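Have the structure open beside you as you read.

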Amino acid sequence: MSEKFVYVTYIRTTQEKVWEALTKPEFTRQFWYGIVLESSWKEGEPWTMVAPDGAIYDAGEVIEVEKPKHLVLSWRHQMRPELKAEGEARCTIDLETTKDMVKLTVTHEMARTGSKLIAAVSGGWPGILSSLKSYLETGKALERV
Amino acid sequence: MSGSKFVYVTYIRATREKIWDALTKPEFTRQYWSGTVQKSDFKKGSPWSIYAPDGRLFDEGEILEVDYPRKLVLSWRNVHFKEMANEGHTRLTYELEPFESDVKLTLTHEHDIENSKTIAAVSNGWPPLLASLKSLLETGRPLEGTTKWPKDV
């Protein structure tokens with residue numbers, strides 16, 4: 001049994017812009033609680049999520065890259081012991097274009113039931129992806145995200 | 001496990017009153033919700049229905065709870081597709097909460113029966129509609145992909 005969170009949104013932009021917004025510090029800083037993701041974004045390379053104070057919140061490995069369509073990361077939380085103890089989750093980002101919009105699907109899953117990490121990210125992704133959509137469509141992120 | 005449920009959360013830069021209007025009033029729904037309109041006075045116990053742009057009735061139900069501009073609950077039965085009509089009434093809840101200067105919209109669409117076809121269908125339908133609603137309220141323009149009624153329905 002595994003646990004899964006899936007979130008789908010549609011953004012008026014291009015797949016390339018969504019890809020850049022999710023992977024480049026100058027963009028993530030603006031719509032994602034000021035964090036940056038550090039990685040070369042090559043398969044087999046590490047990635048880390050770094051808060052504005054320098055603390056590492058999440059880390060893992062880049063598993064699959066097919067720019068600008070598909071990105072798979074292994075994902076292990078680093079700050080809260082009970083989440084870290086659960087081990088690695090997997091996060092998949094898929095992008096496809098229909099008419100004037102990009103369909104963005106985030107799938108975050110873990111091979112165990114009752115995962116606290118999946119519960120935590122289920123609460124986090126809707127705000128982050130809503131903020132990303134506002135940022136790309138209006139130039140301004142959501143105030144609290 | 002019992003029943004079927006779809007939950008979707010989005011955050012919108014608008015007031016709760018504007019989001020409420022956009023979810024219920026024809027002049028807004030026509031723009032982002034496949035050209036459809038809803039007919040209801042949105043009072044508790046009143047009937048409620050959704051019509052396609054060509055006037056065909058698609059969904060109907062009753063207003064179960066109204067707490068403007070925080071919460072709206074209605075019963076919902078698709079009457080167009082037989083396999084969904086046979087499932088009877090589902091339940092839809094909209095909740096609006098302030099989130100700093102923005103609003104958190106939580107939509108819950110559920111049914112008492114397992115593996116509901118209606119809930120499976122609306123699970124694919126809500127994300128583009130709510131994304132388009134957010135675009136309309138934040139940019140003045142809905143997403144083009146959601147403005148027209150599908151040709152084959």
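**Strands and helices of chain B**

In chain B, strands S1 and S7 (residues 102-111) run antiparallel and are joined by nine bridges. Please keep in mind that this is a predicted model. The points below go from the sheet to the helices that lie across it.

**The sheet**

- S1 and S7 belong to an open sheet of seven strands in chain B, with the order S1-S7-S6-S5-S4-S3-S2 and antiparallel pairing.
- At the edges you will find S1 (4-12) and S2 (37-39) of chain B, each of which pairs on one side only.
- On average, neighbouring strands of this sheet are turned by 25° against each other, direction ignored.
- For one bridge to look up, take B:Ile12, whose partner in S7(B) is B:Val103.

**Helices across the sheet**

- Helix H1 of chain B (residues 16-24) lies across S1, S2, S6 (90-99) and S7, and runs at about 155° to S6(B).
- Helix H4 of chain B (residues 117-139) lies across S1, S5 (71-78), S6 and S7, and runs at about 10° to S1(B).

**Where the two helices meet**

- The axes of H1(B) and H4(B) are 11 Å apart, and the helices pack at an angle of about 130°.
- Because of that angle, H1(B) counts as oblique to H4(B).
- The crossing of H1(B) past H4(B) is right-handed.
- From H1(B), B:Lys18, B:Ile19 and B:Ala22 meet B:Leu133, B:Leu136 and B:Leu137 of H4(B).
- Sorted by type, the residues of this contact are five nonpolar, no polar and one charged.

Technical notes
Residues are numbered from 1 along each chain as its sequence is written. Chains are lettered from A and ligands numbered from 1 in the order in which they are written. This is a predicted model: local features need pLDDT of at least 70, side-chain atom pairs count only at pLDDT 80 or more; totals for chains, interfaces and linings use all residues. Two strands pair if DSSP finds at least two bridges between them. Helices (H or I, at least four residues) and strands (E, at least two) are DSSP runs, numbered from the N terminus. Axes are lines fitted to C-alpha atoms, for helices over the stretch in contact, and angles run from 0 to 180 degrees between N-to-C directions. Two residues are in contact if their C-beta atoms, placed from the backbone, lie within 7 Å. Angles under 35 degrees count as roughly parallel, over 145 as roughly antiparallel, 65 to 115 as roughly perpendicular and the rest as oblique. A crossing is left-handed if the near helix is turned anticlockwise from the far one by less than a right angle, and right-handed if clockwise. Ala, Val, Leu, Ile, Met, Phe, Trp, Tyr, Cys and Pro count as nonpolar, Asp, Glu, Lys and Arg as charged, and the others, Gly among them, as polar.
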